[in-house]
Amino acid sequence: MTTVLCVFMLTLLVITAFGMIQARNLFSAVMLGGIYSFEMASIFFILDAADVALTEAAIGAGITTVFFLGALALTEHRERGRHGPQWLPIGVMTATGMMLIYASFDNPRIGDPNAPVHLHVAPWYLEQTPQLIDIQNIVSAILASFRGYDTLGELFVIFTAGIGVLFILSAPAPQDRKVSERLMNAEGLRHHLVPRVVGQLLVPFIVLFGLYVQFHGDYGPGGGFQAGALISAGLILYALLRGEIAALRAVPIWFLRMLIVSGALLYTTVGIAGMLLGGSFLDYSVLSNDPVAGQHLGILLVEVGVGLTVTGVLLSIFHAFAARGQ
Amino acid sequence: MTSFAVHLPVLQVVVPLFTAAVIPLLRERSLAWAAATAASLCAFATAVLITVAVRHSGPMSYAVGSWPAPYGIELAVDAFSALLLLIVTGASSVALLIARSSLDLEVAESRQYLLYTAWLLALAGLCGIVVAGDAFNIFVFMEISSLATYILIAGGSKHALPAVFKYLVMGTIGATFYLLGVGLIYMMTGTLNLADMAVRLGEVADTRPVLVAGGFITIGLALKAAVFPLHTWLPNAYAYAPHAVTVFIAACSTKVALYVLLRFDFFVLQGNLSGHDSWFTALMLPLSIIAVLAASVAALRQRDLKKILAYSSVAQIGYILFGAGLMSASGLTGGIVHMFNHALAKGALFLAVACLAAHGATLSLEGVAGAARRMPLTAAGFVAAGLSLIGIPGTAGFIGKWFLVLGAAEGQPVEIWLAIPILLGSLIAVVYIWRVVESLYFGTQCSTAGTVREAPWWMVLTLWAAVLGNFYFGLKPGLPLELARHAAFGLLAGQE
Amino acid sequence: MEYIGLFNYWVFAVLLMIGMYAIIAKRNLIKKLLALAMFQSAVFLLYITMNKVDGGTAPIIRADVQEQVFSNPLPQVLILTAIVVGVATLALGLAIVVRIHETFGTIEEDQVYVRDRE
């Protein structure tokens, strides 16, 4: 059953990919991209990767699509130029693809429990997490504690993106540029009744769900990144409905900057605290008398840090795009 | 004090990272610059301490979060890492010293704090790659440094934007290939820790996915390191970035990618793929020679100063890979010590260029014509650094080339002939450096270049400090040579 | 029939190649970024394919169920990070495209190249 579902979704994925590449209208291409992300998230779910499915859905299908639409609003809607298929790249790609497929015959079959990946590090995580960290979502345990240093890096990656977009879109705009149609204008969708009513009903639930995901990451799929993406999605919806000015009154830019900085500082400080209390960097066991309680505290704090920064960055990027169009 | 010393590898990354998180609160550009420079100097001090520790007691390792490797993430620092940390932090600190005045010409004051944040993020990312002992950790920090570098370059002129986009696309393809390769190796071994991987790869029966993995990792890192023919992003990116930024990235960003490439190829893949060494040599030697010659010739055809130096950098990367391709102790030592010496020489050259631009001169052969009359110190600095790039005995650049030629001479007969292109590359370097020098000293000044005068004294001072560093390490190459030797032996020891 | 177990890898190879082709061959900058996103997600598919164990379930321990077979948690952690890295790159890329459009008036690569020379 799983196999059939998997094969079906994968085929759909390839078809969507072709559509995305061929679409002349960039709006259609971006929408197909959103559908592609959604299909990818479903496949992840079928393959038992619940956390990843949630993240791909929130970030890939949700946030990425919004960013692309924002960029489209500021640039062009259609792809120009008619180019036939280019045979040299097609040749090189086909050759590389054949090579990959040829190499795949030595790969472990999907689901094989004796594959090397399942024999070395993974069983240790599965067995030791209840004793060492005692939370139910093993993915969160690895993400926040065992491989917490990677997650710190990941937080700083998104931090860097925020800084970058703020920097690049703070350059003075040339005076004589053509004003293109804007999807987001200062008034929002105030004059459209149905989206406004339904959307405004949804916004608090989305934000609440985001907070739930943030704090429930220990017990089920969830964590800082998904939560940050969800909360910012809710607030972006609010901005789309009520307009930029109202949105910035509710959650001002300086507040977003504080979120970004405090999240990053929180995570780094927890790590440094570990060092000062006698352990190594990002060692949570020393944060409290009982190592397991220390782990819980550490994981809670760093996930909150991640959630803060991700929310701040994604919203700042959205507002940077929106502000550029005015 | 010993407990502090234990944390050095992680402090190397944490100090710039923490400061980067703080700078957005310091909107004022002088404060931001001061914080960035302080953090960079601290990072340099940490690198020095690490070098001392490594020379004293051998390689260091650090388990982040106190989880033992391979369950947790391990940091691994040895002689090779120490040399690179010195290069990265040194280049960053020197470039920051002139950045305050240099950036004012190119970036609005209100935006500069963001650039300094990005600078420290790039520094933290590069340091993070060098100290990492875990393949996926390298990916994460590689992306931090790459994204931060894109931001830094985007601070330049309007021509920088298409250059950054091209760099972004090519760099992301490179990073994704790297991720792909690591994934395939993980699939065959079940671990991400480099040391563990080297052991477990030996037990793998089917080598097809490992070969493919090695190929993808090498191509991905070659994209990041601007190895010919995947170098096309480099000339424009270096040329149109703000001048202080070019000093920083030209000295170190591609070298860190080469570091990872050499680590993977020698440490992880070497003993485990039969025939790997002959395959590596057969690929690297011709490619590096072509890189040296083609890039040097391309430098001849440029009229923009920064582009001449950028193509020269592509050639130098060819030299480093040539040393690696020789697969001998001398060759590898030459290649690695060339990383250090090229950073010194190129850094000084780009510092001179930044000084030339300090009062608004156009950086082309025509634009700087006759500038030596008004800016004697800067022009002399350019000449001296140029000598180092060419490889005149007594300068740092000579040491690297000497060992490369030595390595070629020691090898198989066919390899002795390969020393010829190396020397040819140096000859071509003489020509393109001479063209700039000729314009500086003997050119007739353009009538529009009215107010050209000597650059601010601290910029000239920094330039001459770098130039003197070139001469110092040319005459007393003890430290970098020792580190490079240890590094070369360490890499070759992975091959049995 | 056992080749069905390899289907994921084949789809991964196909998606990778489509993405790479589009990055190189398409001229429109936004299309290139879309293709870049697809290219990266193909690699995610490879990693997550590795994590599945027959008869397993998502690696979340339930107190009530005793003998549980779990799928591998490690690739999931890696891909969570990689997804975030991907969106960060994309956001930067889009900001650059917006600025290119403002400065050069076009987002077709060949046109940008021409206007950059002027």
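In which helix of chain A is A:Leu201 found? Please continue from there to the contact of chain C and chain A.

Author: The model is a predicted one. Within chain A, A:Leu201 belongs to helix H8, which covers residues 193–215. The residue has a relative accessibility of 56%, and because exposed means over 50%, A:Leu201 counts as exposed. A:Leu201 also takes part in a nonpolar surface patch of about 570 Å².

I turn now to the interface. The size of an interface is often given as the accessible area lost when the parts come together. For chain C and chain A, the area buried between them is about 7800 Å², and 76% of it lies on carbon and sulfur atoms. To this contact chain A brings 96 residues and chain C brings 81 residues.

The polar side of the interface can be described as well. Eight residue pairs are in polar contact between chain C and chain A, both residues of each being at pLDDT 80 or more. One salt bridge is found across the interface: the side chains of A:Arg324 and C:Glu102 meet in it, at 2.7 Å from N to O. On the side of chain C that touches chain A, at least two residues each come from helix H1 (7–25), helix H2 (29–51) and helix H3 (74–104) of chain C. H3(C) gives the most to that side, with 24 residues.

How values were computed: Residues numbered from 1 in each chain as written. Chains lettered and ligands numbered in written order. Predicted model: local features only at pLDDT ≥ 70, side-chain atom pairs only at ≥ 80, totals over all residues. Heavy atoms only, no water. Patch = residues over 30% accessible without salt bridge, like charges linked within 9 Å, V, L, I, M, F, W, Y side chains within 5 Å. Areas by Shrake-Rupley, 256 points an atom, 1.4 Å probe, with all protein chains shown as cover. Salt bridge = Lys/Arg side-chain N within 4 Å of Asp/Glu carboxyl O. Helix = DSSP H or I, 4+ residues; strand = E, 2+ residues; numbered from the N terminus. Buried < 20%, exposed > 50% of the residue type's maximum accessible area, 1.4 Å probe, protein only. Contact = heavy atoms within 4.5 Å. Buried area = accessible area lost by both parts, 1.4 Å probe. Polar contact = N/O pair within 3.5 Å; in protein donor to acceptor, adjacent residues only side chain to side chain.
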